[in-house]
Amino acid sequence: MEVFNNREIATLVWLLIALAWCLRHEKIRIGLGNVIRAAFAKPLLKIYALMFSYIITMVYFLYEFGLWGFEQTKSTLVWTFSVALVSLFRHKEIQENPEYFKKSLLDNFNLVIVIEFIVTFYSFHILFELAFIPAVALLAGVHAYSGFDDKYKLVENLLDKFFMALGVFLLIYAGHNIIIGLAGFATMETLTDFYIPPVLSILFLPFVYLISVYSSYERAFIRIGSNAADRKILRYAKWRSIIAFHFRTRLMERWAHSTFFNQLGSYQDVNNTIKRMKKIVAYEKAPEPVPLKDGWCPYEAKEYLKKYGLGTGYYTSIDDDEWFANSDYLDVGDGIIPNSIAYYVSGTRKAAKGLKLKLAIHQPEEEDPAIERFVELSNELLSRALGATIVDDLEKALRGGHAVSGEFENKAITITREDWPDSKTGQYGLEFLILSP
């Protein structure tokens, strides 16, 4: 395979043209300078050095086993500055997505990779490629933009069909070239060009994982740094946490977050908070059942509205007697600050005592759909918590934004409204609370 095919040459030419255009404009030039400085910050240089050292080591062992040759230098460099760098900067996904490694492995054995390789193997005349690359890039941009608004749905559908037809055409063109030039395609060099990128991607996964672990500890250490009494305590907390949590980075970050409420004033404080965190996790796996008269199991209650986008974070202690969990805000509507709903669970370590939904009306002109959603979620919460449905009086109070209180199954049910200081804007907050004695 030649060093660069016509498609790669055309892509490089257009990238250089785009770069030259950007450098002509001062604002863009300054922005690019800031991006470059950020990309080559001192902490990142260490990561890059480790990454390149790891890749060189991978390539060395592949070479020793006869799986890599110097003719693979180009494909290895392209992989390094594309796939490897993108994977490196997406390392946080490992902590956020439990299926990350499974998905990564499956992606590398995907039929799409075979098709892309075959299509990319054959390119058109350089003049055609110079016109083809920007045209496809422009249409791809239009396609992406049209997906943001339903009024452009027709354009999106047309471009979907266009790209499908283009893919079929390129595959037929590549297949035709393979048939008439099978001897030139079916070579060991072509096979090596095909398998090297997936093999490198798979071998690179352990490095990305280690960077993810390192990054998690860095974030955790920054957090506990503000909660430790002095440097000696901080140093001890770092080493003690590494020994206690090692690769369980989510647990490590959770412990670091808990130190905000439990200051590390001594070595014993560090030990106690770590032991406490391990006990909490063990209890979460098999919590004691909570009779309805005493409240709710907090680890079940915090999931009551999860399927509606109001799942909470961890059930966390402020002190021994006060625990809580809260969801992110669920936006209902548009605007710079849209109307939103949040869910809160509060109580003791073993029992949730309060379940609260809070509606924030920032855009009064769009309050109707927000209230409708709030009534729906309040009804769901009441159903999950007490096996009941909202009666007419409660629903009228919710829709009208009126304060009201009542009782059901020894639980207090209240609706409260708070008009915010600038009442002329019509902004207010509405709360639906189920409280257990």
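This is a predicted model: local features need pLDDT of at least 70, side-chain atom pairs count only at pLDDT 80 or more; totals for chains, interfaces and linings use all residues.

Reader: Why is Ser 241 called buried?

Author: The label requires a relative accessible area under 20%. Ser 241 has 0%, so it is buried. The residue sits in helix α12, which covers residues 231–245. Leaving out residues up to four places away in sequence, Ser 241 touches Tyr 217, Phe 221, His 246, Met 252, Trp 255 and Ile 274.

Reader: What makes the pair formed by the side chain of Ser 241 and the backbone oxygen of Lys 238 a polar contact?

Author: A polar atom of the Ser 241 side chain lies 2.8 Å from that backbone oxygen. The limit for such a pair is 3.5 Å, so the distance of 2.8 Å meets it.

Reader: Why does Asn 271 count as buried, with a relative accessible area of 14%?

Author: The cut-off is under 20%, and 14% falls under it, therefore Asn 271 is buried. Asn 271 belongs to helix α14, residues 267–285. Apart from neighbours within four places in sequence, Asn 271 is in contact with Tyr 236 and Arg 240.

Reader: What can be said in the same way of helix α3?

Author: α3, residues 42–64, has 23 residues and reaches 33 Å from its first C-alpha to its last, close to the 33 Å expected. Its buried residues are Ile 47, Tyr 48, Met 51, Ile 55, Met 58, Val 59 and Leu 62. In an α-helix there are 3.6 residues a turn, so residues three or four places apart point the same way.

Reader: Which residues touch the most other members of the largest nonpolar core, and which element gives the most to it?

Author: Of the 45 residues in this core, Tyr 343, Leu 355, Leu 357 and Phe 432 touch the most other members. α16 gives the most, with nine residues. The buried residues of α16 include Ile 371, Phe 374, Leu 381 and Ala 385. Among the residues that Leu 355 touches are Trp 296, Tyr 304, Leu 381, Ala 385 and Ile 434.

Reader: Why is Val 332 called buried, and where is it?

Author: Its relative accessibility is 11%, and the cut-off is under 20%, so Val 332 counts as buried. Val 332 is in strand β3, residues 330–332. Val 332 and Ile 371 are 39 residues apart in sequence, and their C-alpha atoms are 9.3 Å apart. The residues touched by Val 332 include Ile 341, Pro 369 and Ala 370.

Reader: What makes strands β6 and β7 a pair?

Author: Pairing needs at least two bridges, and β6 (residues 404–408) and β7 (residues 411–419) have five, so they pair, in the antiparallel sense. Val 404 has Ile 415 in β7 as its bridge partner. The two strands form a hairpin with two residues between them, and Glu 409 in the turn has a positive phi of about 50°.

Technical notes: Residues are numbered from 1 along each chain as its sequence is written. Side-chain values use heavy atoms; hydrogens and water are left out. Buried means under 20% relative accessible area, exposed over 50%, partly exposed in between (1.4 Å probe, protein chains only). Helices (H or I, at least four residues) and strands (E, at least two) are DSSP runs, numbered from the N terminus. A polar contact is a pair of N or O atoms within 3.5 Å; within protein, one must be able to donate a hydrogen and the other to accept it, and residues adjacent in sequence count only if both atoms are side-chain atoms. Contact means heavy atoms within 4.5 Å. A nonpolar core is a set of buried Ala, Val, Leu, Ile, Met, Phe, Trp, Tyr and Cys residues joined through side-chain atoms within 4.5 Å. The expected span of a helix is 1.5 Å times one less than its number of residues.
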